[in-house]
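Open the structure in your viewer and keep the selection tool ready. We will go stop by stop.

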Amino acid sequence: MKNENFVQIPNKMFADTDNDEKLVYAILQYTQTVGHLDKDNRMTRTMIPLLISYLGWSKSQYSNKKVVKALNGLKDKGYVNFESTQDVFTVQINKWNDKEEHIVSVDWKQSGVKFSGFTKIKYSVIDTLLEGKNFTLYAYTEYRKMKTHQYRICYEEWGFVLGMTSRNAFNVIDNSEVIIRVSNGFDSDTNRRETNSYLTFDSVEDVKEVSLKPTYKAQSSKSVVKEPELVEEDFDNFEEEELSLKPKVKKRNAITDKKINDMQNEFFGRTIHHKILKKITDPRVITIEQVKELTDFKYPMSLENYNILKTTKDGYLTEKGKIKLDNPQWKKKYLNKLNRESALKKHNERELSQEEIENIMKYAIEEDEVPKKKRKKLGNDISRFL
């Protein structure tokens with residue numbers, strides 16, 4: 001979207017903050033006081049209930065404690081400053097050096113993990129990253145997205161960023177709706193399946209394009225981090241299990257591997273559309289094709305499904321559908337036509353007035369009289385048959 005507003009997340013936050021801290025930091029920027037938007041003196045006046053409301057969290061003592069804990073964590077780490085969280089209070093968002101590099105040593109990569117610069121998170125996606133979602137997953141994927149290269153992220157790296165084990169990181173990613181996995185297939189040279197790349201949910205249309213890009217040079221096949229050795233019972237959990245069991249095959253390109261992976265996901269019901277369908281409670285939505293029409297930017301929408309979206313009481317479906325309907329490219333291509341079809345159908349189905357009904361009846365009777373008169377005339381005149 002052109003000139004869309006955004007918040008800035010310092011990338012070093014991926015090394016020293018948890019999900020709540022990053023989310024609260026984003027909301028503080030989102031609510032900055034007009035007149036204090038410059039980088040050196042950014043401030044916002046807020047209160048705990050207001051922050052909870054912006055975060056979409058339930059109003060409870062537990063939510064209060066979560067927000068206060070996140071604020072104190074941000075303050076202790078130097079990202080913000082404030083005197084007290086009682087009543088209305090002022091938060092100063094501290095200036096930070098986006099050129100400085102922060103290298104964190106890890107036991108699974110010799111060179112460590114380097115963080116520098118900042119990541120932009122658009123206002124339009126923040127609402128979809130609140131309650132029940134993982135803001136860190138989206139933000140880190142957005143950070144590692146590149147215009148010319150793929151950046152592959154192994155599960156150890158995800159575990160480090162998310163503050164959990166690589167196995168738990170796999171489970172979180174497998175159930176996520178905010179990022180999309182891009183399989184890089186099987187490499188016969190190294191005799192192993194390659195580490196995945198990732199895309200954010202709002203850039204899902206670029207999956208095919210990403211599969212064509214070269215791999216990020218710092219993670220070539222010679223230096224790429226090996227994922228944990230799999231045992232037999234783990235195969236049910238991993239998408240690429242069949243690829244990993246084919247040891248020496250002719251090297252396939254990334255697109256072929258992706259097609260195979262997509263076919264496996266479709267067959268075993270592991271696509272994002274299957275996950276969405278499981279969460280929809282509206283009884284009228286029963287097929288994957290409906291889910292695609294209702295939630296996926298790549299698909300047009302039938303009038304029948306459009307009416308389901310307009311009348312559903314399923315909050316989850318409403319939220320997913322709204323994201324699609326608000327997408328500017330989809331709106332430009334399909335929404336106007338859909339609205340015209342809807343208006344035309346309503347016009348055709350509207351109830352006729354009594355006067356309109358009488359006129360139709362009168363017209364039908366008059367039309368019916370003509371053939372009757374002709375038949376009578378023909379019946380009396382048989383001269384043309386002689």
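**The aromatic cluster**

Select Phe14, Phe115, Tyr140, Tyr143, Trp158, Phe160 and Tyr198: together they form one aromatic cluster. Keep in mind that this is a predicted model. Across the whole structure, a search finds 15 aromatic pairs.

Tyr140 sits in helix H6 (residues 135-144) and Trp158 in helix H7 (residues 155-162), 18 residues apart. Both Tyr140 and Trp158 are buried.

With Trp158 it makes an edge-to-face pair, 5.3 Å centre to centre with 90° between the planes. Trp158 is in helix H7 and Tyr198 in strand E11 (residues 197-200), so this pair ties together parts 40 residues apart in sequence.

**The cores**

Select Tyr25, Leu71, Ile121, Tyr140 and Trp158. Of the 55 residues in the largest nonpolar core, these touch the most other members. Then look for a second, separate core of 16 residues, which includes Ile276, Leu303, Leu317 and Leu325.

**Helix H2**

Select residues 19-30, helix H2. Is this helix enclosed or open? Nine of its twelve residues are buried, so H2 is largely enclosed by the rest of the structure. Tyr25 and Leu28 are among the buried ones. At the start of H2, find Asp18: one of its side-chain oxygens comes to within 3.2 Å of the backbone nitrogen of Asp20.

**Two lysines over rings**

Finish with Lys66, which lies over the face of Trp57, 4.1 Å from the ring centre. Lys75 lies over the face of Phe82, at 4.8 Å from the ring centre.

Conventions. Residues are numbered from 1 along each chain as its sequence is written. This is a predicted model: local features need pLDDT of at least 70, side-chain atom pairs count only at pLDDT 80 or more; totals for chains, interfaces and linings use all residues. Side-chain values use heavy atoms; hydrogens and water are left out. A nonpolar core is a set of buried Ala, Val, Leu, Ile, Met, Phe, Trp, Tyr and Cys residues joined through side-chain atoms within 4.5 Å. Buried means under 20% relative accessible area, exposed over 50%, partly exposed in between (1.4 Å probe, protein chains only). Helices (H or I, at least four residues) and strands (E, at least two) are DSSP runs, numbered from the N terminus. The expected span of a helix is 1.5 Å times one less than its number of residues. A polar contact is a pair of N or O atoms within 3.5 Å; within protein, one must be able to donate a hydrogen and the other to accept it, and residues adjacent in sequence count only if both atoms are side-chain atoms. Rings of Phe, Tyr and Trp (its six-membered ring) pair if their centres lie within 6.5 Å; planes under 30 degrees apart count as stacked, over 60 as edge-to-face and the rest as tilted. A charge sits over a ring if NZ of Lys or CZ of Arg is within 6 Å of the ring centre and within 35 degrees of the ring normal.
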